[in-house]
Amino acid sequence: MSEIENGQGLQARRAAITDLGDALRLLIEQATATEAPTADLLRAAALIRQAGAPLGERARGRFETASADDLLGGVRLYNPVTGGGSAFAPPLEIHRDGDVAVGSCTLGRAFEGPPSFAHGGVSAMLLDQMLGYACGMSGHPGMTVQLDTAYRQPVPLYTPLRLTARVAAVDRRVITATGTIATAEDPASILVRATGTFVALLPEQAQRLFGPVMGRGR
Ligand SMILES: CCCCCCCCCCCCCCCC(=O)SCCNC(=O)CCNC(=O)[C@H](O)C(C)(C)COP(=O)(O)OP(=O)(O)OC[C@H]1O[C@@H](n2cnc3c(N)ncnc32)[C@H](O)[C@@H]1OP(=O)(O)O
């Protein structure tokens with residue numbers, strides 16, 4: 001019997017996944033910012049490999065969703081942008097404010113591009129998620145087919161950020177959404193703007209792309 005067949009077990013597993021995610025994000029920050037002696041790097045690498053080995057013993061295949069996720073309910077613990085369980089996610093937190101999606105996060109050293117600022121691809125990743133969320137929130141979910149980003153000023157690391165997104169137009173299956181990144185302290189000064197085009201999938205497209213995943217339960 002699965003250890004998460006009752007709701008209590010599911011909550012406990014989700015909390016554990018987020019706890020592990022927190023630990024991994026701290027590790028990534030420490031490992032990226034460290035100037036510790038070389039011997040300490042080698043010792044840490046050995047310990048980390050040892051700590052991770054049991055996790056690799058039972059791993060999902062490509063088409064298997066995480067047992068703690070709820071795809072249709074929108075729970076994606078390992079989403080690389082918002083997932084509390086993802087070592088890679090800032091994580092970005094998003095909430096709805098009227099017809100606007102509002103996001104917040106702080107980027108650490110691992111997201112650095114130009115010294116002390118975020119990599120441009122990271123800004124695009126955050127905005128893709130924001131725009132996709134705005135589409136879903138408006139009742140028009142879709143997949144990104146185009147994302148245009150305008151980098152007006154660099155995005156600072158270690159600084160609370162405020163992101164916004166909204167749907168600008170819906171033309172049959174094609175949704176246009178726009179979004180911004182600013183600092184939380186000065187939300188009127190836009191650092192990055194994006195316009196995204198999203199397409200609502202036809203049933204046959206959804207079946208072609210996600211059939212192998214949806215056929216596997218959860
Ligand atoms: C309370 C809150 C709840 C909120 C809850 C939400 C939470 C949820 C958050 C999830 C947020 C995830 C945000 C990340 C989202 C990704 O990152 S998705 C991953 C990246 N994207 C992809 O991998 C998509 C790859 N592309 C494809 O697979 C195919 O293009 C698609 C999407 C299946 C569409 O197929 P297609 O053959 O290209 O397009 P087709 O169906 O022939 O055409 C449809 C229409 O799109 C148009 N189109 C196609 N490409 C373009 C383009 N580049 N530009 C303009 N128009 C285009 C066509 O002209 C056509 O228009 P119409 O003639 O219908 O007017």
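## Basis and overall build

A residue counts as buried if 20 or more other C-beta atoms lie within 10 Å of its own, as exposed if 12 or fewer do, and as partly exposed in between; C-beta atoms are placed from the backbone. By that rule, buried residues make up 24% of the 218 residues in the protein chain. The model is predicted: local features need pLDDT of at least 70, side-chain atom pairs count only at pLDDT 80 or more, and totals for chains, interfaces and linings use all residues. Residue numbers start from 1 along each chain as its sequence is written.

The protein chain has four helices and six strands. Both are DSSP runs numbered from the N terminus: helices are H or I with at least four residues, strands are E with at least two. From the N terminus on, the order is α-α-β-β-α-β-β-β-β-α. Along the principal axes, the C-alpha atoms fill a box of roughly 55 × 50 × 30 Å. Two residues are in contact if their C-beta atoms, placed from the backbone, lie within 7 Å. Among contacts between residues at least 6 apart in sequence, 62% join residues at least 24 apart.

Six strands form an open sheet in the order S1-S2-S4-S5-S6-S3, with antiparallel pairing. Strands pair if DSSP finds at least two bridges between them. S1 and strand S3 (143-151) are the edge strands, and each pairs on one side only. Neighbouring strands are turned by 20° against each other on average, direction ignored.

Eight bridges join S3 to strand S6 (residues 192-199), and the two run antiparallel. One of the bridge pairs links Ala150 with Arg193 in S6. H3 packs on this sheet and touches S1, S2, S3, S4, S5 and S6; its direction makes about 130° with that of S5. Axes here are lines fitted to C-alpha atoms, for helices over the stretch in contact, and angles run from 0 to 180 degrees between N-to-C directions.

A residue is near a molecule if its C-beta atom, placed from the backbone, lies within 6 Å of it. Of the 19 residues around the ligand, Gly132, Gly136, Met143, Val145 and Gln146 come nearest. H3, S3 and S6 are the elements that give two or more residues to this shell. The largest share, six residues, comes from H3.

None of the 19 residues of H2 is buried, so H2 lies largely in the open. Its expected span, 1.5 Å times one less than its number of residues, is 27 Å; its end C-alpha atoms are 27 Å apart, which agrees.

Pro91 sits in the loop between helix H2 (38-56) and strand S1 (93-97). A cis peptide bond joins Pro90 and Pro91, with omega about -15°. Ser116 is not a glycine, yet has a positive phi of about 75°. Ser116 lies in the loop between strand S2 (100-105) and helix H3 (120-137). Ser116 is exposed, with 12 other C-beta atoms within 10 Å. Arg172, also not a glycine, has a positive phi of about 55°. Its loop runs between strand S4 (161-171) and strand S5 (174-183). Arg172 is exposed, with 7 other C-beta atoms within 10 Å.

## Record annotation

The UniProt annotation "domain: Thioesterase", from an unreviewed entry, covers residues 117-185. UniProt positions are given in the numbering used here, feature names are shortened, and annotations may be inferred rather than shown by experiment. The span 117-185 is 26% helix and 43% strand, and its end C-alpha atoms lie 16 Å apart.
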